[in-house]
Amino acid sequence: MPKIATGELRPLANGWEARITLEGRTRKSFILAGTFSEDAARERTAAMAQIAKRVRRAGYVAQLPDLLEAHRDGAGGHG
């Protein structure tokens with residue numbers, strides 16, 4: 001059974017940080033914009049991890065950091 005990508009959520013003084021695997025064992029930290037509860041931040045981190053997993057499989061690792069930056073606040077870069 002495939003492992004579900006969840007990312008890592010870390011508390012900060014004024015919010016949350018999502019750590020997402022980019023490639024291999026390389027992770028990048030993303031400060032979650034906006035005001036998130038812990039549950040909402042965990043959901044956002046898991047969503048970002050799933051996006052990263054799909055993008056890695058498609059072979060677009062170089063574009064992954066910019067794509068995740070656009071999705072870190074939940075807007076998805078649509079506005």
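**A β-β-β-α-α chain at a glance**

Strands β1 (residues 8–12) and β2 (residues 15–23) run antiparallel, with five bridges joining the two. Keep in mind that this is a predicted model. Overall, the chain carries three strands and two helices, and starting from the N terminus the order is β-β-β-α-α.

**The β1–β2 pairing**
- To get from β1 to β2, the chain takes a hairpin of two residues.

**Overall dimensions**
- Along the principal axes, the C-alpha atoms take up a box of roughly 35 × 30 × 20 Å.
- The radius of gyration comes out at 12 Å, and because a compact globule of 79 residues would sit near 12 Å, the chain agrees with that expectation.

**Contacts and burial**
- If you take the contacts with a separation of 6 or more, 48% of them link residues 24 or more positions apart.
- As for burial, 27% of the 79 residues count as buried.

**Surface and charge**
- The chain exposes about 5400 Å², and 50% of that comes from carbon and sulfur atoms.
- On the charge side, there are 13 positive and 9 negative side chains.
- The centres of the positive set and the negative set are 7 Å apart.

Methods:
Residues numbered from 1 in each chain as written. Predicted model: local features only at pLDDT ≥ 70, side-chain atom pairs only at ≥ 80, totals over all residues. Heavy atoms only, no water. Helix = DSSP H or I, 4+ residues; strand = E, 2+ residues; numbered from the N terminus. Rg over C-alpha atoms; globule rule 2.2 N^0.38 Å. Buried < 20%, exposed > 50% of the residue type's maximum accessible area, 1.4 Å probe, protein only. Contact = heavy atoms within 4.5 Å. Areas by Shrake-Rupley, 256 points an atom, 1.4 Å probe, with all protein chains shown as cover. Lys, Arg positive; Asp, Glu negative; His and termini not counted. Charge placed at Lys NZ, Arg CZ, Asp CG, Glu CD. Pairing = 2+ DSSP bridges.
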